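Hi everyone, thanks for making the time. Please take a look at the structure on the screen, and then I'll walk you through it.

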Amino acid sequence: MSRTNTEFTALQRSLHWLMAICILAMLFIGVGMVSTIGRQYTPLLATHKTLGITILVLALIRLVVRFIYGAPALPVDLPEPMKLAAHLSHLALYALMIGMPLIGWAMMSAGAYPIVLYGQIRLPAILPQSNSLHTLLWNAHFYLAFAFFALVLLHLAAALFHALVRRDGVLQTMLPVGNNDVPLKPQRNEH
């Protein structure tokens with residue numbers, strides 16, 4: 001069962017920052033893929049597929065770790081609409097971290113494309129071949145990528161808001177190093 005801490009564990013922080021790097025790389029690789037038809041397309045696509053499955057696995061691990069270790073409570077004086085926005089944005093981030101790779105995998109399956117991760121490591125198709133389904137999934141993957149990028153920017157803006165405007169210690173709970181000496185505003189357990 002989850003419990004509330006004053007900061008995220010070292011494992012949670014490591015997963016967060018590793019995934020942040022992977023997601024940013026994935027978004028920029030995706031932009032590179034759709035903007036080229038040159039010889040760079042094939043290696044970008046191979047990297048995109050491998051990175052997508054890596055993000056999927058890390059997101060699932062991260063969910064389990066979050067369930068086990070919980071999360072720090074938000075500051076008591078944070079307005080309720082902001083708490084709701086934080087909660088909903090995290091749900092949306094998890095949905096996209098898991099959903100985008102699954103949609104990509106399904107899209108490749110529906111297009112009857114091989115899903116080669118590295119060398120001889122291949123994933124099985126999860127959908128039968130269907131041109132119409134491939135098109136639908138391609139469009140979903142494409143447009144959800146923009147939503148994902150916007151959500152990442154919103155997440156970054158919120159972190160900077162907490163650090164620079166509110167100065168409430170929220171950002172410090174996820175920084176790569178511990179913050180036991182950083183004073184925090186009083187917090188209330190949300191669970």
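On the H1 side, His-16, Ile-23, Leu-24, Leu-27, Phe-28 and Val-34 touch H4, where their partners are Phe-142, Ala-145, Phe-148, Phe-149, Val-152 and His-155. Contact here means heavy atoms within 4.5 Å. By class, that contact has 10 nonpolar, 2 polar and no charged residues. For the classes, Ala, Val, Leu, Ile, Met, Phe, Trp, Tyr, Cys and Pro count as nonpolar, Asp, Glu, Lys and Arg as charged, and the others, Gly among them, as polar.

A quick word on the source: this is a predicted model, where local features need pLDDT of at least 70 and side-chain atom pairs count only at pLDDT 80 or more, while totals for chains, interfaces and linings use all residues. Residues are numbered from 1 along each chain as its sequence is written, and side-chain values use heavy atoms, leaving out hydrogens and water. Helices are DSSP runs (H or I, at least four residues), numbered from the N terminus.

How do H1 and H4 cross? Their axes come within 11 Å and cross at roughly 140 degrees; axes are lines fitted to C-alpha atoms over the stretch in contact, and angles run from 0 to 180 degrees between N-to-C directions. That makes H1 oblique to H4, since angles under 35 degrees count as roughly parallel, over 145 as roughly antiparallel, 65 to 115 as roughly perpendicular and the rest as oblique.

Now to H3 and H4. Their axes are 8 Å apart, at an angle of about 150 degrees, so H3 and H4 are roughly antiparallel to each other. Their contact divides into 21 nonpolar, 7 polar and no charged residues.

On to the pockets. A pocket is an open set of points on a 1 Å grid over the protein atoms alone, where a 1.4 Å probe fits, with protein on both sides within 12 Å along at least five of seven lines; lining residues have an atom within 4 Å of a point. A volume is the space filled by probe spheres set on the points, which are joined across faces, edges and corners.

The largest pocket holds about 1600 Å³ of space. Of its 50 lining residues, Phe-8, Arg-66, Ala-86, His-90 and His-155 are the closest to its centre. Which helix gives the largest share of that lining? H3 does, with 11 residues. The lining has 33 nonpolar, 13 polar and 4 charged residues.

The second largest pocket has a volume of about 800 Å³. Among its 32 lining residues, Gly-30, Met-33, His-48, Met-107 and His-141 lie nearest its centre.

Note on methods. Helix = DSSP H or I, 4+ residues; strand = E, 2+ residues; numbered from the N terminus.
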